[in-house]
Amino acid sequence: VVTSGLRAYYDFDDGTYADRVGEFRITPFSTSISNDSPTNVGRSVSFEGSNSFLQIGENPIQNLNENIIDATFNFWIKSSNPTGVLFALPFKDDDNSNRFFNGFSEGAVVHSIVNNCGVDNKFGEFEIDLSQSIFNFEWHMLTLTYDGSTKSVTLYFDGNKISTDSYETGNNDCPLFVIDSETLRIGGDYQSSGITLDNYEGRIDNIRI
């Protein structure tokens, strides 16, 4: 569980979408606060599927040197639907048509940085099958850590390291990207360059960035 260096933290325990450590305000769309949590003493957010997501207008993830991502996403999920987006973030380059996302596709955790540059270039993808252990409508913790010094992303499931993969953010043929003030969506659907993931359906709690 991420406890230091937090940019944003949402626990929903007071029935609101307030950021406990910063000023990154969430705007909810077709979600509700549920009396359910991993510890059975708090609350979480219920996502109903279609048109249900959270939106953070001022994105807490930035990469000021334009070539690395140093960030960790840590959250609890409870779902029985093996598809849907966890987070999706547009970022800028010459054509403003790029995406950085993570979600589920047919029971696997999928991740991709899509940098179009006139053609579809996908950097740092992985796909890990968790369908037998995660989509049982029980609470599970997912953690994704992006290490800019090694350009790697590591996936943890219930605190256990599952996979590490390298990623690239740009090369000589593609301009480097800038993640700045673009909107971060949690649970919102994703469509780009032949990739389609539906809205997340289930519950999410204790989002730490």
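## Aromatic rings

Rings of Phe, Tyr and Trp (its six-membered ring) pair if their centres lie within 6.5 Å; planes under 30 degrees apart count as stacked, over 60 as edge-to-face and the rest as tilted. In this predicted model, local features need pLDDT of at least 70, side-chain atom pairs count only at pLDDT 80 or more, and totals for chains, interfaces and linings use all residues. Residues are numbered from 1 along each chain as its sequence is written, and side-chain values use heavy atoms, with hydrogens and water left out.

Tyr10, Phe12 and Tyr17 are joined into a cluster by ring pairs. The whole structure holds 7 aromatic pairs. One of them is edge-to-face: phenylalanine 12 and tyrosine 17, 6.0 Å centre to centre with 75° between the planes. Both phenylalanine 12 and tyrosine 17 are buried (under 20% relative accessible area; exposed is over 50%, partly exposed in between, with a 1.4 Å probe and protein chains only).

## Phenylalanine 53 and its partners

Phenylalanine 29 and phenylalanine 53 form a stacked pair, 4.7 Å centre to centre and 20° between the planes. Phenylalanine 29 lies in strand 2 (residues 26-29) and phenylalanine 53 in strand 5 (residues 53-56), so the pair ties together parts 24 residues apart in sequence. Phenylalanine 29 is partly exposed at 32% relative accessible area, while phenylalanine 53 is buried at 9%.

## The chain as a whole

The chain has 1 helix and 17 strands, taken as DSSP runs numbered from the N terminus (helices H or I, at least four residues; strands E, at least two). Of its 209 residues, 52% are buried.
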